[in-house]
Amino acid sequence: MKKTAFLATLLTIVIAVCTLAACAKQVNYLDYISESRFDVFLYKDDATEIKIQCLKKEQPFSADGYKGEVCDIAEIFVTLPKNPPTVEVSLEGYEGEMNYQAVERLYYLSFSAPAFKKSGVDVTLTFDGESKVFTALSVKDDSVMSCEKAVLCVADYASELFESLTSNGLFDGEIFVRLLYDDGCYYYVGVCDKSKLITAFLIDGEHGKVIAKKEIQG
């Protein structure tokens with residue numbers, strides 16, 4: 001009888017310990033980031049504007065609440081005072097002919113590439129028989145938080161949203177985080193559930209303060 005009581009007590013303790021361990025297990029929301037734009041390089045003068053975006057992004061990308069395989073990508077956008085028939089670009093050992101986007105009136109090219117040096121990116125543009133070199137500089141300095149920190153700031157601010165999408169130690173959605181620049185650095189953080197509803201947040205890039213929130217149905 002005593003042995004039975006002892007086993008029952010031991011079983012109760014084991015169940016309690018397992019329950020506490022399960023409760024203590026926290027979801028790492030960073031594992032669910034399907035797009036992170038972590039750096040932006042800019043060059044601008046009176047005639048030419050160059051923007052380079054460095055990303056880790058799901059390929060193919062789909063805002064559907066599921067994270068796919070993530071790849072390193074660089075995107076370059078070039079605006080010129082006129083529209084030559086061809087524009088070729090070369091930077092950091094990568095080169096190619098750019099595509100003209102008529103609606104935005106700019107040239108665009110994307111390719112697989114890791115992060116670039118913070119000191120700047122030398123960009124060679126060739127058009128109309130001439131080649132010119134420009135140096136694009138990062139918009140980030142040491143005061144700007146990382147993409148990961150931006151996501152954690154939003155997760156803390158919108159804890160109820162994140163908890164509602166968390167079940168059995170899993171996060172039921174995907175997260176987008178994009179560095180933005182407009183006379184200062186900001187982050188867009190989007191939380192997408194499997195119904196393709198995106199809850200989007202705009203936060204300050206230095207302090208993580210939420211500036212705006214919006215829901216978008218995909």
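Is Cys192 buried or exposed? I looked this up first. Cys192 is buried, at a relative accessible area of 0%. I call a residue buried under 20% relative accessible area, exposed over 50% and partly exposed in between, with a 1.4 Å probe and protein chains only.

**Ground rules.** I am working from a predicted model: local features need pLDDT of at least 70, side-chain atom pairs count only at pLDDT 80 or more, and totals for chains, interfaces and linings use all residues. Residues are numbered from 1 along each chain as its sequence is written, and side-chain values use heavy atoms, with hydrogens and water left out.

Cys185 counts as buried at 10% relative accessibility. Then I searched for disulfides, meaning pairs of cysteine sulfur atoms within 2.5 Å. The count is zero.

**Strands.** I took helices (H or I, at least four residues) and strands (E, at least two) as DSSP runs, numbered from the N terminus. Two strands pair if DSSP finds at least two bridges between them. β1 and β2 pair in the antiparallel sense over nine bridges. They form a hairpin with four residues between them. Val40 stands opposite Gln53 in β2. On to strand β3, residues 70–79: β2 pairs with β3 over 10 bridges, in the antiparallel sense. Here Lys56 stands opposite Asp72 in β3.

How many of the 10 residues of strand β2 are buried? Seven are, so β2 (residues 49–58) is largely enclosed by the rest of the structure.

**Rings.** I next looked for aromatic pairs. Rings of Phe, Tyr and Trp (its six-membered ring) pair if their centres lie within 6.5 Å; planes under 30 degrees apart are stacked, over 60 edge-to-face, and the rest tilted. The whole structure has 11 such pairs. I noted Phe41 with Phe116, an edge-to-face pair with 6.3 Å centre to centre and 70 degrees between the planes. This pair links distant parts of the chain, 75 residues apart. Phe41 is in strand β1 (residues 33–44), and Phe116 is in the loop between β7 (106–111) and β8 (121–127). Phe41 is buried at 0% relative accessibility. Phe116 is buried as well, with a relative accessible area of 9%. Elsewhere, ring pairs join Tyr29, Tyr32, Phe162 and Phe171 into a cluster.

I also checked for charges over rings: NZ of Lys or CZ of Arg within 6 Å of the ring centre and within 35 degrees of the ring normal. Lys51 lies over the face of Phe77, 5.4 Å from the ring centre. Lys57 lies over the face of Phe61, at 5.0 Å.

**Helix α2.** Which residues of helix α2 (residues 147–157) are buried? I find Cys147, Ala150, Val151, Cys153, Val154 and Ala155. Their cover, by contact (heavy atoms within 4.5 Å), includes β1, α3 (159–164), β12 (173–181), β13 (185–193) and β14 (197–204).

**Cores.** A nonpolar core is a set of buried Ala, Val, Leu, Ile, Met, Phe, Trp, Tyr and Cys residues joined through side-chain atoms within 4.5 Å. The largest has 28 residues, and Phe162, Phe171, Ile175, Val177, Tyr187 and Ile203 have the most contacts inside it. β1, α2, β12, β13 and β14 each supply at least two residues of this core. α2 gives the most, six residues. Leaving out residues up to four places away in sequence, Ile175 touches Tyr29, Tyr32, Ile33, Ser34, Glu35, Val151, Phe162, Val189 and Gly190. Apart from the core of 28 residues lies another of 23 residues, with Phe41, Ala74, Val89 and Leu125 among them.
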